[in-house]
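Q: I have a new model open, and I would like to learn how to read its features one at a time. Could you take me through it slowly?

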Amino acid sequence: MDSTSTSRPSSAGYRNLALATLGFTLTFWAWDLIAPLAGDYKDRLHLSSFQQSLLVAVPVLVGSLGRIPVGALTDRYGARLMFPVVSALTVVPVLLLIPARESYGLTLVVGFLLGLGGTTFAIGIPLVNSWFPPARRGFALGVFGMGMGGVALSGYITPRIAKHDPDLPFLVVALALAGYAVLAALLLRDRPDRPVPTASLASRLRGAGRLRVTWELAALYAIGFGGIVAFGVYLPTYLKTWYGLSATDAGTKAAGFALVTVVFRPIGGWLSDRIHPAQVTAGALGLVALLAIVQAFDPAMNPVGTCALLLMAAGLGTASGSVFALVSQVTPQPQVGSVTGIVGAMGGLGGFVPPLVMGAIYSAKDSYSIGFMLLSDLALAGCVYAYGRMRTVRPAS
């Protein structure tokens with residue numbers, strides 16, 4: 001019996017969900033390796049705030065844009081091939097960070113290659129979407145989205161093990177990725193009856209690009225997930241620069257922020273299985289808009305600043321889960337990878353710009369308030385659009 005037509009997913013669906021989530025977590029850890037060490041790069045290489053922001057933003061940019069072709073390739077070749085291949089290839093830039101770290105230019109180049117780790121999002125979404133029935137997809141996609149916890153792992157673990165040996169974080173992540181590539185090759189499975197498109201990569205991307213909902217969801221995801229990525233890569237710098245925290249303390253608090261987004265992503269999906277995901281998105285982004293204003297007034301770290309940042313994390317995590325619940329409802333199954341690639345790319349690009357803006361604003365104005373007010377404006381716009389327009393979207397038949 002076709003599991004997509006029943007109310008209960010198969011055991012194979014849960015196995016593939018677990019494997020995909022593990023792979024997403026590890027590749028996201030690799031993708032975020034530079035950010036927790038950005039303070040060390042800045043001090044050692046005498047970087048400006050903008051140079052430091054660019055260093056952590058380059059992998060985000062490449063990983064985001066890379067989701068577009070990787071999503072389309074997943075539609076064609078399946079996650080069983082794409083997950084092991086991308087995981088294995090990511091080992092290369094992770095190891096290259098060791099000899100490159102004494103040169104800003106070389107680290108930028110390797111950071112460009114490291115962006116490959118950020119593309120696995122577009123592999124896992126169509127895989128999970130195919131294995132779970134519509135009534136369970138919101139929660140399942142939210143669970144897969146918990147792989148964002150790789151950012152939390154990176155923020156918490158990377159600076160701590162780097163204290164013992166500066167090469168150790170890169171060696172640990174490379175070994176984990178290599179082990180996962182083997183595991184995925186042996187155990188990961190695509191649905192046997194999944195539709196395989198025969199059209200060319202370019203034509204499939206054009207088809208996904210012609211769907212209005214692709215760009216509507218891309219804009220919402222750029223705010224929700226883009227906010228998560230932006231905070232993930234820039235929050236340690238913000239906390240260290242503005243609040244005077246040590247690199248370890250800043251990394252710990254940033255990991256806490258990332259952990260909250262991870263926990264609330266499946267909650268956003270779970271809520272979206274019960275009420276319209278556009279309503280969930282609107283409520284979550286409204287909360288983010290309010291709290292960004294609070295943070296713009298530079299409250300003390302404890303308790304107001306901490307509470308504002310953690311509640312923003314909850315809102316952003318919820319919105320990320322609800323937006324992809326909406327993707328699963330309105331996208332034809334053969335196009336899920338292509339649409340996911342575009343939407344995911346816009347989400348990642350939403351995380352590329354803010355660190356550069358925050359670094360440039362701080363360099364010019366010695367303040368982060370303008371950046372938080374801009375976040376509030378964007379979140380409010382997303383809230384209004386999600387509630388006013390996206391509630392009219394109905395599940396695909």
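Predicted model: local features only at pLDDT ≥ 70, side-chain atom pairs only at ≥ 80, totals over all residues.

Q: What does the secondary structure of the chain come to?

A: Helices (H or I, at least four residues) and strands (E, at least two) are DSSP runs numbered from the N terminus. In this chain they come to 16 helices and zero strands.

Q: How does the radius of gyration of the chain relate to that of a compact globule?

A: The radius of gyration is taken over C-alpha atoms, and the globule rule is 2.2 Å times the number of residues to the power 0.38. For 397 residues a compact globule would have a value near 21 Å, and the 20 Å of this chain agrees with that. The C-alpha trace spans about 60 × 45 × 35 Å along its principal axes, and buried residues make up 59% of the 397 residues.

Q: Which residues does arginine 101 pair with in a salt bridge?

A: Side chains of opposite charge can pair when their charged atoms come close. The rule used here asks for a side-chain nitrogen of Lys or Arg within 4 Å of a carboxyl oxygen of Asp or Glu, and by it the count comes to eight salt bridges. One of them joins aspartate 167 to arginine 101, with the closest N and O atoms 2.5 Å apart. This pair links distant parts of the chain, since aspartate 167 is in the loop between helix 8 (149-164) and helix 9, whereas arginine 101 is in the loop between helix 4 (79-100) and helix 5, 66 residues apart. Both residues belong to a network of salt bridges that links Asp40, Arg44, Arg101, Glu102 and Asp167.

Q: Where is threonine 119, and is it buried or exposed?

A: Threonine 119 is in the loop between helix 5 (104-114) and helix 6 (121-131), and it counts as buried because its relative accessibility is 2%. Contact means heavy atoms within 4.5 Å, and, leaving aside neighbours within four places in sequence, threonine 119 is in contact with Gly63, Gly66, Arg67, Val70 and Val86. Its side chain also reaches the backbone oxygen of leucine 116 at 2.8 Å.

Q: Which residues make the nonpolar surface patch?

A: Patches are made of residues with over 30% relative accessible area and no salt bridge, like charges being joined within 9 Å and nonpolar side chains (Val, Leu, Ile, Met, Phe, Trp, Tyr) within 5 Å. Here Leu22, Val182, Leu183, Leu186 and Leu187 make a nonpolar patch of about 420 Å², with areas taken from the Shrake-Rupley method with a 1.4 Å probe. Helix 9 (residues 168-187) gives the most to this patch, with four residues.

Definitions and conventions:
Residues numbered from 1 in each chain as written. Heavy atoms only, no water. Buried < 20%, exposed > 50% of the residue type's maximum accessible area, 1.4 Å probe, protein only. Polar contact = N/O pair within 3.5 Å; in protein donor to acceptor, adjacent residues only side chain to side chain.
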